[in-house]
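The sequence and structure come first, then the notes by topic.

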Amino acid sequence: TENYEILEKEKGSIPMTCYPFWKKNTKRVLNIGTAGGWTKASTGYTFKNADKKSSDLVEFIQEKDFEMKSFHKKSKFWFYDLLLLDILYRHNERGSSIFSSLFRKGNPKLIFKFLDEETSFFEDVKVILKCPKIPFIKALFRVIFLSNKSN
């Protein structure tokens with residue numbers, strides 16, 4: 001083992017939510033960071049997403065007649081996060097085993113690429129197959145049922 005000394009510890013609470021923060025944007029006002037929904041719902045990471053979103057925003061505002069309220073686009077990753085958060089909402093204790101099984105069974109580079117939202121659909125499937133199947137299938141049916149019920 002290596003000798004080391006812990007100089008500081010960090011503690012905080014980052015919201016893990018799929019709440020549609022972007023709906024608070026207006027024609028000329030764009031909320032950014034956590035207030036803009038830029039925090040990755042399943043991990044709480046904000047910095048890398050904010051960096052990507054900032055680049056996207058620069059490109060977006062160069063368009064003619066842009067409206068800030070149309071900046072946000074839902075992605076497949078938002079849906080994946082929604083499924084995981086549904087599981088954690090009902091069984092928070094499963095979070096550790098879900099992430100452990102991912103890293104124990106899968107390729108760490110691919111998993112981090114997935115968490116960074118940079119994977120193709122084929123790569124997504126490779127990662128998803130490393131997760132416990134039953135909780136995600138149940139979450140999928142709940143999300144489909146609830147979304148159809150509210151429409």
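**A buried aspartate and its surroundings**

Asp-124 is found in helix α5; helices here are DSSP runs (H or I, at least four residues; strands are E, at least two), numbered from the N terminus. The model is a predicted one: local features need pLDDT of at least 70, side-chain atom pairs count only at pLDDT 80 or more, and totals for chains, interfaces and linings use all residues. Residues are numbered from 1 along each chain as its sequence is written, and side-chain values use heavy atoms, with hydrogens and water left out.

**Around Asp-124**

- Asp-124 counts as buried because its relative accessibility is 0%; buried means under 20% relative accessible area, exposed over 50%, and partly exposed in between (1.4 Å probe, protein chains only).
- Leaving out residues up to four places away in sequence, Asp-124 touches Lys-76, Phe-77, Tyr-80, Phe-114 and Thr-119, where contact means heavy atoms within 4.5 Å.
- With that sequence exclusion, Phe-114 touches Phe-77, Tyr-80, Thr-119, Asp-124 and Val-127.

**Nonpolar cores**

- A nonpolar core is a set of buried Ala, Val, Leu, Ile, Met, Phe, Trp, Tyr and Cys residues joined through side-chain atoms within 4.5 Å.
- The largest such core has 20 residues, and Phe-114 and Phe-136 touch the most other members.
- Two or more residues of this core come from each of α2 (76-90), α3 (94-105), α4 (108-115) and α6 (133-150).
- Helix α2 gives the largest share of this core, seven residues.
- A second, separate core has eight residues, including Leu-30, Phe-60, Phe-66 and Met-68.

**Pockets**

- Pockets are found on a 1 Å grid over the protein atoms alone: a cavity is a set of points where a 1.4 Å probe fits but cannot get out, whereas a pocket is an open set with protein on both sides within 12 Å along at least five of seven lines, and lining residues have an atom within 4 Å of a point.
- The largest pocket has a volume of about 500 Å³; grid points are joined across faces, edges and corners, and a volume is the space filled by probe spheres set on the points.
- Of the 28 residues lining the largest pocket, Lys-53, His-72, Lys-73, Ser-75 and Glu-117 are the closest to its centre.
- Helices α1 (47-61) and α2 are the elements that give two or more residues to the lining of the largest pocket, and the largest share, six residues, comes from α1.
- That lining divides into eleven nonpolar, seven polar and ten charged residues; Ala, Val, Leu, Ile, Met, Phe, Trp, Tyr, Cys and Pro count as nonpolar, Asp, Glu, Lys and Arg as charged, and the others, Gly among them, as polar.
- The second largest pocket holds about 400 Å³ of space.
- Its lining has 22 residues, and Tyr-80, Leu-83, Ile-128, Cys-131 and Phe-136 lie nearest the centre.
- Helices α2, α3, α4, α5 (121-128) and α6 each supply at least two residues of the lining of the second largest pocket, with the largest share, six residues, coming from α2.
- By class, the lining of the second largest pocket has 18 nonpolar, one polar and three charged residues.

**Salt bridges**

- The structure holds nine salt bridges; a salt bridge is a side-chain nitrogen of Lys or Arg within 4 Å of a carboxyl oxygen of Asp or Glu.
- Lys-40 and Asp-81 form one of them (3.0 Å, N to O). This pair links distant parts of the chain, 41 residues apart, with Lys-40 in the segment before α1 and Asp-81 in helix α2.
- Lys-40 counts as buried because its relative accessibility is 4%, and Asp-81 counts as buried because its relative accessibility is 7%.
- Lys-40, Asp-81 and Glu-117 are linked in a network of salt bridges.
- Lys-48 and Asp-116 also meet in a salt bridge (3.0 Å, N to O). Lys-48 lies in helix α1 and Asp-116 in the loop between α4 and α5, so this pair ties together parts 68 residues apart in sequence.
- At 41% relative accessibility Lys-48 is partly exposed, while Asp-116, at 18%, is buried.
- Lys-113 and Glu-123 meet in a salt bridge as well (2.9 Å, N to O). Lys-113 is in helix α4 and Glu-123 in helix α5, so the parts tied together are ten residues apart in sequence.
- Lys-113 counts as partly exposed at 31% relative accessibility, and Glu-123 as buried at 19%.
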